[in-house]
Amino acid sequence: MADEPHDARWRVIRARNRALLLVLVGLVALFYVLTFVRMGGH
Amino acid sequence: MSELPSAGIVPSVEADWSRASVGDYVQILKPRVMSLVVFTGIVGLAIAPGHLHPFLAAVAILCIAIGAGASGAINMWYDRDIDRVMRRTASRPLPAGRMLPGEALGFGCVLAVGSVAVMGIAVNWVAAELLALTIAFYVFVYTIWLKRRTPQNIVIGGAAGALPPLIGWAAVTGGVGWGAIALFAIIFFWTPPHFWALSLYKSDEYAAAGIPMLPVVAGARETKKQMLLYTLVLWPVTAAPWLLGLAGAVYAGGAGALSLGFTVCATRVWSDTTDRAARQMFAFSLCYLFLIFALLLADHGLGGGR
């Protein structure tokens, strides 16, 4: 699709990158909390 | 059933770059299916004997949800040709050309591996193995092997949808008990009448896509008979948690009333010559499963069972 607006493509990519960043931050937070819970003996 | 007509299948129009939005990524996880899977998993986790730290319980539920989503994404990747033929599925991201097939497959695989790994690391490896079995069964046994070959596709494939309560149970106990098997059996025997109700009024679409659902292969009469038989089997099966001492009188009474309602629906489908009763039964079947598991949860909260 050569006539696809360039900025539309960028908008999609940027939204997906933000979502991916959120997922990665969530995973880091998850493993931090998991570590603390496990250290508590559970 | 490779003999079935597949002339209606048109080659998929695939995009040259991905227009898939975040919403499309969510859509390929089949969130509506996921909600029922998560709910039954929560009930398995809640009524299992033992205790699990609330955070670990939340992680277990998250892993069940993501694992179910991963199965859905891989299923949509594999079924993108037939999804394009059926009105019900034609607007999904892959057949609509918004998402590249490789994206869906990659996304599904990453989520599948990630959910199993996190379940194993955070909760226990029995629950992780059951989650891996669920995903593998849904993808390889149901989607790839049975769905396009036999009218028993959703009977055998239904085992994948029935496993989440076992995973929840295993997350708490580290194993599988008779109570967990009873929960599995409820979903397993509920699945055929649920999907056959849908396929009765969508049989044209299934036939066009070459999927050998029972109404397409054996006809409406045989399907309606089988649906009625399965609703009768659900009477003793839904009584099992009460007989095993997992639930008390509140559950037993409620489950009996719901099973009566389900059987009445099936008898209406049997005598109905239009689609109306089948549509009503499909809607009722969703409420039926939700309410059976909600009753188990409520009864457990009220201290029912032994």
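Predicted model: local features only at pLDDT ≥ 70, side-chain atom pairs only at ≥ 80, totals over all residues.
Residues are numbered from 1 along each chain as its sequence is written, with chains lettered from A and ligands numbered from 1 in the order in which they are written.

**View 1. The two domains of chain B.** Chain B splits into domain 1 (21-174) and domain 2 (177-306), with bounds that come from an automatic or database domain assignment. Their centres, taken over C-alpha atoms, sit 21 Å apart. Here 28 residues of domain 1 are in contact with 28 residues of domain 2 (in contact: C-beta atoms, placed from the backbone, within 7 Å). On the domain 1 side, α2(B) (31-47) gives the most, with seven residues (helices are DSSP runs of H or I, at least four residues, numbered from the N terminus). By class, that side has 17 nonpolar, six polar and five charged residues (Ala, Val, Leu, Ile, Met, Phe, Trp, Tyr, Cys and Pro count as nonpolar, Asp, Glu, Lys and Arg as charged, the others, Gly among them, as polar).

**View 2. B:Pro165 in helix α8.** Look for B:Pro165 in α8(B), residues 164-173. B:Pro165 counts as buried because 30 other C-beta atoms lie within 10 Å (buried: 20 or more such atoms within 10 Å of a residue's own C-beta, placed from the backbone). Beyond its neighbours within four places in sequence, B:Pro165 is in contact with residues including B:Thr40, B:Val43, B:Leu183 and B:Phe184.

**View 3. Helix α12 and its bend.** Helix α12(B), residues 220-243, has 24 residues and reaches 35 Å from first C-alpha to last, close to the 34 Å expected (1.5 Å times one less than the number of residues). At B:Leu234 the helix bends by about 30 degrees, and B:Pro236 follows within four residues (the bend is the angle between axes fitted to the seven residues ending there and the seven starting there). Among the buried residues of α12(B) are B:Met227, B:Tyr230, B:Leu234 and B:Trp242. Their cover includes α9, α11, α13 and α14 of chain B. After the helix comes B:Gly245, with a positive phi near 80 degrees.

**View 4. Where chain B meets chain A.** Ten residues of chain B are in contact with ten of chain A. On the chain B side, helix α3(B), residues 54-78, brings the largest share, three residues. That side holds six nonpolar, two polar and two charged residues. As for α3(B) itself, 18 of its 25 residues are buried.

Methods
Helix = DSSP H or I, 4+ residues; strand = E, 2+ residues; numbered from the N terminus. Buried ≥ 20, exposed ≤ 12 C-beta atoms within 10 Å, placed from the backbone. Contact = placed C-beta atoms within 7 Å.
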